[in-house]
Amino acid sequence: DENMPKVSTEHEMDALMSRLKVEDNTLKTLGWQREIGKKQVAQASYKMALFFMQKQDWGKAKNLIYEAVNMQPQNQSYLKLAIQIAYNQHDYKRAEAYLLKILSTQQEENPLAYADLLDKLAIIYKAQKRFNDARAILHKSLSITEANTGDQYPRLIERLYRTSELN
């Protein structure tokens, strides 16, 4: 290739290698800056989504939070807001997908928080008229709650009531 530098001496080879290292470091720096930029844009999108949600402008809130989730798909705050907005907009499939993503990372950490998320999934299933799925999820949530608190946990009554609604 005519654009490739010609290397005929060891000195020229060292100079070329040095130049390539600089270019490699520059590329790493640009990649790092790109990631920081993505995080900043995602955070700005999240904050604007909250603003538009408070203003009841669901279309703008939805577009902004989905953009934030696309840029930072592991961010729990972004996912939770996306679930809330998707549910509000009756986009239950998307709400379910985001909630399942959160559930996949939470089970071991905090069983009671996991049970609360299962309750939310059951609500989504109920909205989709998937009553058998909702019932199964509520039973799982109830089992987790009982195993971790006994029968003295205040949310236990609420979970029992939700389960009975589906029978």
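## Where α2 meets α3

In this predicted model, W58, A61, K62, I65, Y66, A68 and V69 of α2 are in contact (heavy atoms within 4.5 Å) with Y78, L79, L81, A82, I85, A86 and N88 of α3. The residues of this contact divide into 12 nonpolar, 1 polar and 1 charged, where Ala, Val, Leu, Ile, Met, Phe, Trp, Tyr, Cys and Pro count as nonpolar, Asp, Glu, Lys and Arg as charged, and the others, Gly among them, as polar.

The axes of α2 and α3, which are lines fitted to C-alpha atoms over the stretch in contact, with angles from 0 to 180 degrees between N-to-C directions, come within 9 Å and cross at roughly 145°.

## Where α3 meets α4

The axes of α3 and α4 are 8 Å apart, and the two helices pack at an angle of about 150°. That makes α3 roughly antiparallel to α4, a term for angles over 145 degrees. The residues of their contact comprise 10 nonpolar, 3 polar and 3 charged.

Helix α4, a DSSP run (H or I, at least four residues), covers residues 92-106 and reaches 21 Å from its first C-alpha to its last. Its buried residues (under 20% relative accessible area, 1.4 Å probe, protein chains only) are Y92, A95, E96, Y98, L99, I102, L103 and Q106, and these pack against α2 (58-71), α3 (76-88) and α5 (111-127).

## How to read the values

Residues are numbered from 1 along each chain as its sequence is written, and side-chain values use heavy atoms, leaving out hydrogens and water. Local features need pLDDT of at least 70 and side-chain atom pairs count only at pLDDT 80 or more, while totals for chains, interfaces and linings use all residues.

Terms used:
Expected span 1.5 Å × (residues − 1). Buried < 20%, exposed > 50% of the residue type's maximum accessible area, 1.4 Å probe, protein only. Parallel < 35°, antiparallel > 145°, perpendicular 65-115°, else oblique.
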